[in-house]
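This report looks at a protein model together with its ligand. Please view the sequence and the structure before reading on.

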Amino acid sequence: MVSSSQKILVTGGSGFIGTHTVLQLLQGGFAVSIIDNFDNSVIAAVDRVRELVGPQLSQNLDFTLGDLRIKDDLEKLFSKTKFDAVIHFAGLKAVGESVANPRRYFDNNLVGTINLYEVMAKYNCKKMVFSSSATVYGQPDTIPCVGGFQVTSHESLWPD
Ligand SMILES: O=c1ccn([C@@H]2O[C@H](COP(=O)(O)OP(=O)(O)O[C@H]3O[C@H](CO)[C@H](O)[C@H](O)[C@H]3O)[C@@H](O)[C@H]2O)c(=O)[nH]1
(Lines give C-alpha, C1' and ligand atoms only; values in the text may rest on other atoms or scores of the structure.)
Protein backbone atom coordinates (compact mmCIF):
# COMPACT_ATOMS: atom_id res chain seq x y z
CA MET A 1 0.00 0.00 0.00
CA VAL A 2 1.23 3.51 -0.86
CA SER A 3 1.86 5.66 2.20
CA SER A 4 -1.25 7.66 3.05
CA SER A 5 -2.10 9.90 5.96
CA GLN A 6 -5.69 9.03 6.79
CA LYS A 7 -8.25 6.34 6.09
CA ILE A 8 -11.72 7.44 5.06
CA LEU A 9 -14.84 5.26 4.78
CA VAL A 10 -17.12 6.37 1.95
CA THR A 11 -20.59 4.86 2.15
CA GLY A 12 -22.28 4.79 -1.24
CA GLY A 13 -18.83 5.36 -2.71
CA SER A 14 -19.63 3.69 -6.01
CA GLY A 15 -22.50 6.08 -6.75
CA PHE A 16 -22.37 9.32 -8.73
CA ILE A 17 -21.10 11.77 -6.11
CA GLY A 18 -19.31 8.96 -4.28
CA THR A 19 -17.03 7.98 -7.15
CA HIS A 20 -16.02 11.60 -7.77
CA THR A 21 -15.27 12.03 -4.08
CA VAL A 22 -13.28 8.79 -3.88
CA LEU A 23 -11.23 9.84 -6.90
CA GLN A 24 -10.38 13.17 -5.26
CA LEU A 25 -9.55 11.52 -1.94
CA LEU A 26 -7.18 9.00 -3.55
CA GLN A 27 -5.49 11.70 -5.58
CA GLY A 28 -5.22 13.78 -2.40
CA GLY A 29 -3.27 11.01 -0.66
CA PHE A 30 -6.02 9.42 1.46
CA ALA A 31 -6.68 5.72 1.79
CA VAL A 32 -10.32 4.94 1.04
CA SER A 33 -12.74 2.14 1.86
CA ILE A 34 -16.06 2.02 0.06
CA ILE A 35 -19.14 0.25 1.35
CA ASP A 36 -22.01 0.05 -1.11
CA ASN A 37 -24.89 -2.36 -1.71
CA PHE A 38 -25.06 -1.60 -5.47
CA ASP A 39 -28.66 -0.52 -5.13
CA ASN A 40 -27.97 2.17 -7.71
CA SER A 41 -24.45 1.51 -8.98
CA VAL A 42 -22.22 -1.19 -10.42
CA ILE A 43 -18.70 -2.48 -9.80
CA ALA A 44 -17.63 -0.98 -13.13
CA ALA A 45 -17.81 2.44 -11.46
CA VAL A 46 -15.23 1.38 -8.86
CA ASP A 47 -13.08 -0.20 -11.59
CA ARG A 48 -13.18 3.08 -13.47
CA VAL A 49 -11.92 4.97 -10.41
CA ARG A 50 -9.06 2.47 -10.19
CA GLU A 51 -8.28 3.02 -13.86
CA LEU A 52 -8.25 6.80 -13.42
CA VAL A 53 -5.93 6.83 -10.41
CA GLY A 54 -3.64 4.11 -11.73
CA PRO A 55 -2.28 0.94 -10.17
CA GLN A 56 -0.25 2.57 -7.43
CA LEU A 57 -3.00 4.70 -5.83
CA SER A 58 -5.50 1.88 -6.43
CA GLN A 59 -3.72 0.00 -3.69
CA ASN A 60 -5.19 2.58 -1.31
CA LEU A 61 -8.76 1.68 -2.28
CA ASP A 62 -10.76 -1.23 -1.02
CA PHE A 63 -14.37 -2.12 -1.64
CA THR A 64 -16.91 -3.97 0.49
CA LEU A 65 -20.24 -5.11 -0.86
CA GLY A 66 -22.35 -4.37 2.18
CA ASP A 67 -25.58 -2.88 3.43
CA LEU A 68 -25.90 -0.28 6.18
CA ARG A 69 -29.20 -1.85 7.23
CA ILE A 70 -27.18 -4.90 8.31
CA LYS A 71 -25.23 -3.66 11.29
CA ASP A 72 -22.90 -6.63 11.14
CA ASP A 73 -21.62 -5.46 7.74
CA LEU A 74 -20.44 -2.27 9.45
CA GLU A 75 -19.11 -4.12 12.49
CA LYS A 76 -16.92 -6.29 10.26
CA LEU A 77 -15.45 -3.20 8.59
CA PHE A 78 -14.84 -1.14 11.72
CA SER A 79 -13.45 -4.07 13.71
CA LYS A 80 -10.64 -4.58 11.22
CA THR A 81 -9.89 -0.96 10.23
CA LYS A 82 -9.46 2.27 12.17
CA PHE A 83 -11.24 4.97 10.16
CA ASP A 84 -10.35 8.63 10.66
CA ALA A 85 -13.64 9.80 9.19
CA VAL A 86 -16.75 8.71 7.30
CA ILE A 87 -18.34 10.40 4.29
CA HIS A 88 -21.93 9.20 4.05
CA PHE A 89 -23.49 9.03 0.58
CA ALA A 90 -25.35 5.72 0.84
CA GLY A 91 -28.94 6.71 0.44
CA LEU A 92 -31.93 6.55 -1.82
CA LYS A 93 -32.91 9.85 -3.40
CA ALA A 94 -35.85 9.49 -5.77
CA VAL A 95 -38.46 11.89 -4.40
CA GLY A 96 -41.41 10.21 -6.16
CA GLU A 97 -40.41 6.75 -4.99
CA SER A 98 -39.97 8.03 -1.44
CA VAL A 99 -43.62 9.09 -1.44
CA ALA A 100 -44.81 5.85 -3.04
CA ASN A 101 -42.69 3.62 -0.81
CA PRO A 102 -41.78 5.48 2.39
CA ARG A 103 -40.93 2.28 4.28
CA ARG A 104 -38.09 1.52 1.84
CA TYR A 105 -36.71 5.01 2.39
CA PHE A 106 -37.09 4.77 6.15
CA ASP A 107 -35.12 1.51 6.20
CA ASN A 108 -32.36 2.57 3.82
CA ASN A 109 -31.83 6.17 4.79
CA LEU A 110 -32.83 6.34 8.44
CA VAL A 111 -32.08 2.88 9.82
CA GLY A 112 -28.88 2.69 7.75
CA THR A 113 -27.69 6.04 9.08
CA ILE A 114 -28.53 5.18 12.69
CA ASN A 115 -26.59 1.90 12.37
CA LEU A 116 -23.67 3.83 10.96
CA TYR A 117 -23.70 6.37 13.83
CA GLU A 118 -23.89 3.60 16.42
CA VAL A 119 -20.96 1.63 14.99
CA MET A 120 -18.91 4.82 14.57
CA ALA A 121 -19.55 5.68 18.22
CA LYS A 122 -18.56 2.18 19.32
CA TYR A 123 -15.25 2.44 17.48
CA ASN A 124 -14.65 6.05 18.51
CA CYS A 125 -14.82 7.43 14.98
CA LYS A 126 -16.02 11.01 15.51
CA LYS A 127 -15.83 12.68 12.11
CA MET A 128 -18.68 12.41 9.65
CA VAL A 129 -19.57 14.32 6.51
CA PHE A 130 -23.25 13.82 5.76
CA SER A 131 -24.44 14.44 2.23
CA SER A 132 -27.79 16.14 2.48
CA SER A 133 -29.88 17.55 -0.34
CA ALA A 134 -30.84 20.95 -1.73
CA THR A 135 -34.46 19.79 -1.48
CA VAL A 136 -34.36 20.68 2.24
CA TYR A 137 -34.64 24.30 1.08
CA GLY A 138 -37.90 23.72 -0.82
CA GLN A 139 -38.17 26.13 -3.74
CA PRO A 140 -35.63 28.83 -2.85
CA ASP A 141 -35.95 32.40 -4.15
CA THR A 142 -32.38 32.35 -5.44
CA ILE A 143 -29.98 29.74 -6.70
CA PRO A 144 -27.42 28.45 -5.84
CA CYS A 145 -28.50 27.45 -2.36
CA VAL A 146 -26.05 28.32 0.39
CA GLY A 147 -25.69 26.93 3.88
CA GLY A 148 -27.39 29.84 5.63
CA PHE A 149 -30.69 29.37 3.77
CA GLN A 150 -33.76 28.66 5.85
CA VAL A 151 -34.79 25.01 5.86
CA THR A 152 -38.45 25.08 4.81
CA SER A 153 -41.45 22.84 5.04
CA HIS A 154 -40.75 20.03 2.66
CA GLU A 155 -42.57 18.96 -0.42
CA SER A 156 -42.01 15.26 0.16
CA LEU A 157 -40.92 12.82 2.82
CA TRP A 158 -37.48 12.36 1.32
CA PRO A 159 -35.56 15.39 2.62
CA ASP A 160 -37.01 14.84 6.08
O1 LIG B 1 -29.07 1.88 1.31
C2 LIG B 1 -28.32 2.21 0.39
C3 LIG B 1 -28.75 3.08 -0.63
C4 LIG B 1 -27.85 3.41 -1.64
N5 LIG B 1 -26.60 2.90 -1.63
C6 LIG B 1 -25.63 3.30 -2.66
O7 LIG B 1 -25.39 4.69 -2.48
C8 LIG B 1 -24.99 5.26 -3.70
C9 LIG B 1 -25.79 6.52 -3.93
O10 LIG B 1 -25.35 7.08 -5.11
P11 LIG B 1 -26.30 7.63 -6.27
O12 LIG B 1 -25.51 7.70 -7.52
O13 LIG B 1 -27.58 6.87 -6.26
O14 LIG B 1 -26.63 9.05 -5.72
P15 LIG B 1 -25.81 10.40 -5.77
O16 LIG B 1 -24.36 10.15 -5.59
O17 LIG B 1 -26.26 11.22 -6.92
O18 LIG B 1 -26.46 11.01 -4.48
C19 LIG B 1 -25.80 11.64 -3.45
O20 LIG B 1 -26.40 12.89 -3.24
C21 LIG B 1 -27.73 12.86 -2.79
C22 LIG B 1 -28.18 14.28 -2.66
O23 LIG B 1 -28.60 14.77 -3.87
C24 LIG B 1 -27.83 12.13 -1.46
O25 LIG B 1 -27.20 12.83 -0.44
C26 LIG B 1 -27.22 10.73 -1.63
O27 LIG B 1 -27.18 10.08 -0.37
C28 LIG B 1 -25.84 10.84 -2.18
O29 LIG B 1 -25.29 9.54 -2.45
C30 LIG B 1 -25.21 4.18 -4.80
O31 LIG B 1 -23.98 3.65 -5.18
C32 LIG B 1 -26.07 3.14 -4.11
O33 LIG B 1 -25.86 1.84 -4.61
C34 LIG B 1 -26.18 2.05 -0.63
O35 LIG B 1 -25.03 1.59 -0.63
N36 LIG B 1 -27.07 1.73 0.35
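Where does Pro 144 lie? Pro 144 is in the segment after strand E5 (128-130); helices (H or I, at least four residues) and strands (E, at least two) are DSSP runs, numbered from the N terminus.

## Basis of the model

The model is predicted: local features need pLDDT of at least 70, side-chain atom pairs count only at pLDDT 80 or more, and totals for chains, interfaces and linings use all residues. Residues are numbered from 1 along each chain as its sequence is written, and side-chain values use heavy atoms, with hydrogens and water left out.

## Two backbone features

Most residues other than glycine have a negative phi, and most peptide bonds are trans. The bond that joins Ile 143 and Pro 144 is cis, with omega about 5 degrees.

Phe 38 is not a glycine, yet has a positive phi of about 60 degrees. This residue lies in the loop between strand E2 (31-36) and helix H2 (43-58).

## Around the ligand

Oxygen atoms of the ligand lie 2.6 Å from a polar side-chain atom of Asp 36, 3.0 Å from a backbone N or O atom of Asn 37, and 2.7 Å from a side-chain N or O atom of Ser 41. The protein covers 90% of the 710 Å² of accessible area (Shrake-Rupley method, 1.4 Å probe) that the ligand has on its own.

Terms used:
Polar contact = N/O pair within 3.5 Å; in protein donor to acceptor, adjacent residues only side chain to side chain.
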